[in-house]
Amino acid sequence: SECALLAYNFHEIVRGIGIFEFFQSQHDPRAVSVTLAYFFYKYQIHHCDMALDLALGLTYLDDLTSADFEHLATTAGCDGFNIILYSVFLAHVWNADRTIRLADIYREVGWRSFPSLKHLNAFVWKLFSQTRKFKLL
């Protein structure tokens, strides 16, 4: 029940940030919270670690500027769902002792937006290097 409450609260806060107003998504906007909760549950991430990952992911999303939005808009596979999902992935990588592998995320949902793991890796690298400017803290 902690995971469901965290996912719900995360969704409500993400709606307020406005990412889905700028980026259309091929998925229902609620799907990103459900997807994140599924990954955290499947890979047995403790709800305290889940809360830290989601909170740090929210700060990453809140730090995005309109210039970042415009820059990301030119990227293949970029939509609101992917920006949120992979921003939280970067937060998870920073926080976790044992991380969920990007290849596992690709096999579950990444294949829908990216033709290969290499393309997904390039998207995550762009988030990390250009929007986060190599900073995860």
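This is a predicted model: local features need pLDDT of at least 70, side-chain atom pairs count only at pLDDT 80 or more; totals for chains, interfaces and linings use all residues.
Is Ser113 buried or exposed? Its relative accessibility is 18%, so Ser113 counts as buried. The cut-off for that label is under 20%.

Which residues does Ser113 touch, beyond its neighbours within four places in sequence? The contacts are Gln26, His27, Gly77 and Asn82. Asn82 also takes part in a polar contact. Here the side chain of Ser113 meets the side chain of Asn82 at 3.2 Å.

## Packing of α1 and α3

Two packed helices are described by the angle between their axes and the distance between the axes. Helix α1 covers residues 2-17, and helix α3 covers residues 31-42. They pack at an angle of about 145 degrees. Their axes lie 9 Å apart. The crossing of α1 and α3 is right-handed.

Which residues meet where α1 and α3 touch? From α1 come Ala7, Phe10 and His11. From α3 come Ser33, Leu36 and Ala37. By class, this contact has four nonpolar residues and two polar ones. No charged residues take part in the contact of α1 with α3.

## Confidence in the model

The protein averages a pLDDT of 89. A score of at least 70 is reached by 100% of the residues.

Which elements have the lowest and the highest mean pLDDT? Helix α2 (residues 19-22) has the lowest, at 83. Helix α7 has the highest, at 96.

Conventions. Residues are numbered from 1 along each chain as its sequence is written. Side-chain values use heavy atoms; hydrogens and water are left out. Buried means under 20% relative accessible area, exposed over 50%, partly exposed in between (1.4 Å probe, protein chains only). A polar contact is a pair of N or O atoms within 3.5 Å; within protein, one must be able to donate a hydrogen and the other to accept it, and residues adjacent in sequence count only if both atoms are side-chain atoms. Contact means heavy atoms within 4.5 Å. pLDDT is the predictor's confidence in each residue, from 0 to 100. Helices (H or I, at least four residues) and strands (E, at least two) are DSSP runs, numbered from the N terminus. Axes are lines fitted to C-alpha atoms, for helices over the stretch in contact, and angles run from 0 to 180 degrees between N-to-C directions. A crossing is left-handed if the near helix is turned anticlockwise from the far one by less than a right angle, and right-handed if clockwise. Ala, Val, Leu, Ile, Met, Phe, Trp, Tyr, Cys and Pro count as nonpolar, Asp, Glu, Lys and Arg as charged, and the others, Gly among them, as polar.
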